[in-house]
Amino acid sequence: MNTERYSRRALLKRMGLSAAMLPLIHAEKVLGAGPSGFPKRFVSVAHGNGVIANSFYPTNPGPLTTLGATLSTLQPFASKMNIIYGLNIQPVLDGKFQYDGHFTYCATLTGTRQNKSESRQATAASIDQTISDNIAKTVTLKAPLLTLGVKSVGDGVSTSWRAAGQQNAAELDPTRLFTKLFASASMPPAQMAMVNLRQQSILDFSAAELTAFGKRLGTDDRMKIQAHLESVRQLETQIKNAATMPQSSTANCAAPKLSGGKTTDLLAKDMFDMMALALKCDMTRVITMTMFDDGGGDGNSFPWIGVNKDYHAVAHLGASGAADKTKIDNWIYSNVANLATQLDATMEGGTTALDNTVIATFSDMEDGSSHYVGRIPITLIGSCGGFFKTGQYIKYPSGPHNKLLASISKAMGLPVAGVGDAQYAGELSDLYA
Amino acid sequence: MRTGARVSSVTAALLLAVGCTGSINEPADPGSPGTGNNGTGNGNNPGGPVLPGNPGDPNAAGPMPLRRMTRAEFNNTMRDLIGDTTSPANTFPLDRDPEFLYPRAGLVSLQDADTLKDAALAMGKEAEAKATTLAPCPAGMAEDACASSFITSFGLRAYRRPLATDEVTRLNALYTTGRTTLGLTYAGAIGLLVEGMLQSPAFLYHWELGNNAPTVAGKVVRLGPYELASRLSYFIYNSMPDQALFDVAATGKLATAADIEAQVRRMMADPKGAATVATFVDEWLNLDQVIDRPKDPTVYAQWTDALKQAISDESHALVANVMKGDKTLTSLLTSDASTVNATLAPIYGVNGVRGTATMDTTLTASQRSGLLTRAAFLAVTGATDGSHPVKRGRRVYERFMCGVLPPPPMTVPPVQTASQATGKTTRQRFEAHDMNPCSTACHSIMDPLGFFFENYDGIGQYRTMDNGGVVDAHSTIKLDGADHTFNNAIELSQALANSTTVADCFATQWFRFGFKRSETDADQASLNTVAGTFNKTKSIVDAMVGVAVSRSFSYRSPATGEMLQ
């Protein structure tokens, strides 16, 4: 396994050598690396209940200038982002379940959904999974993919899918995530080695038991055991890799101070801080954040911004709830802005970590009073190492968002003919720089 | 979708209501026969409606899909297996299955595997600390021999069946790794064994057959005594079998319906059995959500964690009270006995409760009846700032009458907020919304049921005035095929207690809870057993007995691709 984490050019730059002095090397071909030699990253953020269109979209397509009320906290990044209108969750729309907005998280990053009313089952892996699997072929990371969430009150469905019918459950506890990413840092190597040896012994045992178990089981049941075994193997690999990885010692990677709070605003703050850190110090390159699970989000209210009604109830109010819904959405995107700010403050060569990243935001529907699964609100923040043009409000007449997923996949070093069903193949090359 | 013969009186209204659930457009109730329930491998229902009372093949039995332990099952099993009190499974991903009402564990994702690993490690450490009692090794006996003995005896309890030879071999090998490679002490290696067993599928999945060939009986498979003991235990105790169950499994005394019934009645005298009824009620009506339910502090300043806990406790106390008495659904729906503390007392208008103690009391009969008029149900189904007739009506329709509401294809204009409609009561605001042509049909089922609850605000306080107007809780609904008019939720509760539709639905809910899956065509005779046993007495224990003695509990249909020989 290639454990080269940065390209040679980047390392030389760090050592103060001019890029012009570099011999011709193939460093740029290091998988997933941007032109600066620093790694490219992909973050997706999903939230439910759509948006209020006139607070989210600019009036006219073209260069982004002043952002609306929903996205006001992202104003400093107007030139580094795009707002996209007009793309649909096409398989759900084509299945004639056009008002199934509460049930599309399974399609957000897979571009697929079982063709059934209110289904929450994806029929393929999501791009966060395929992109991170591809990176893991050549780069060893502490966590190739982080699947995270802030609070689960609904159906427990996330946007991350390992395969058809197999969703990646999200980590909801920032403190646990902190321990996962930093626990080993403080442990003496000999002790760490023994801990790892024990974990390997146990997981080997577990894997052997799973392999021997239920040989007579029916087909569906064997699949459950197979999925379990796969997860145990994945865990083993991560533990093995973590043991051989050098501890990152740059200033960027100091453990953050978490609030440790249990209210939704503090959970979100801690999670997004952890996300920024994990990306900056290359513990991961792909993060999927599902703000709340799908299904409406009743049981969430927002007292810290003065919105005390249920999330779902507010979204349903239509025009009369627009002010409150905009406040909620503004808060959701302020977390994205927090992440963008931290990444943009991290210099990587002549660019910033944000420039080497693409944060894609999605909702599960157009707006909360219609539940329509077309025209879902999307933003892209960061150019993914110069891959995407930025600073635009782009209005498509219509089209499957699958093509955007394919473009993100390509930007992250995994070119694909399409994402999801073949009829939705293709990419959005007009977005490319 | 399908609607059943027994609910045909509402079929026409349902068809009109297609897609118009309006402002409570949440997922349709999972697990209902009409919703195409149950995803991959969890037992589909390909045939017609399965409703209590339809004729069924007495020799048929439904499927038993492989099912992983839920968080609650894991925690309870740790309590009973090693005396743990830390509830280690609380870190696991939630057991939310969007296609089923009752908790069901999903496929093991990386996050599941990671949290399982951590819980197993913590429990292993706990076992290590308790090694002298869990795995005593008398002086003069070789530690390896003690470990072998532990593997056999503890293994039987952890896997709920005797271990196979190859399992014993692999566990002995793990012990040896612990003592040699990892340099562990005897106690440490015992902990390692426990850690390993807890990550074994034999522990984590409900499949107490191991790799043995199943006993085929005609077109179905008969469960073995250990399989049956475990199934019974996780149904009645929500945990592993106790010693008495292991004993009857070992001695063949769990063979007949009478044997099974005797065990259920014995187990229901145990606090673990009574606790399961409270768990059922929590899950059936989502009352456990009261702990996480936000309310608008500008309307309900008293909505604190302490109050939420007191409301949840009172709901459990009501169930416990019923189970100490005549154990009937009727009492659950009509009892006015309550247990309140000083935090909860003002919600019910009870005086004289001081300090931190709870007090048993009788609530005002004209204001409160059973479960549906208590704060837990009313707060969970209320809005953040008031009542919510649609939500309350829908909950009763789906959970008590097993009615099926289809998802909405249309946009429905929202209900006005209270501030937009000064001087209008909640009911008037919702009625105005219903004059919309779509809504007229849509809400004709939910709203009339919900209006009965208008005497209770968003946190369950009794009221006669609402937003400046006089509360009108009088309403007319269809029940058991006829129109009925009642004055309030107290009269409704009494009617629900006497309804055949509700009795059948209650039996169906127990079936789903007991089997952790929806009913299938092959379960028709079993569902009839549950309903029949329950209907004789309306006793909740009899509903549970009905589940346990039903054909599908002791037999199962073979799975597709299963190796039967």
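This is a predicted model: local features need pLDDT of at least 70, side-chain atom pairs count only at pLDDT 80 or more; totals for chains, interfaces and linings use all residues.
Residues are numbered from 1 along each chain as its sequence is written, and chains are lettered from A and ligands numbered from 1 in the order in which they are written.

Select chain A first. An open, mixed sheet of eight strands is found there, in the order β2-β12-β3-β11-β10-β1-β7-β4. Strands (E, at least two residues) and helices (H or I, at least four) are DSSP runs numbered from the N terminus, and two strands pair if DSSP finds at least two bridges between them. Next, select 62-63 (β2) and 146-149 (β4) of chain A: these edge strands have a single partner each, so one side of each lacks a neighbour in the sheet.

Now select residues 41-47 (β1) and 286-290 (β7) of chain A, which run parallel and are joined by five bridges. A46(A) lies opposite T290(A) of β7(A).

Turn to chain B, which has 24 helices and nine strands. Of its 565 residues, 57% are buried (20 or more other C-beta atoms within 10 Å of the residue's own, with C-beta atoms placed from the backbone).

Finally, display both chains. In contact (C-beta atoms, placed from the backbone, within 7 Å) are 61 residues of chain B and 66 residues of chain A. On the chain B side, select α3 (110-129), α6 (165-179), α7 (186-198) and α8 (201-204), the elements that give two or more residues. The most, six residues, come from α3(B).

Terms used: A residue is buried if 20 or more other C-beta atoms lie within 10 Å of its own, exposed if 12 or fewer, and partly exposed in between; C-beta atoms are placed from the backbone. Two residues are in contact if their C-beta atoms, placed from the backbone, lie within 7 Å.
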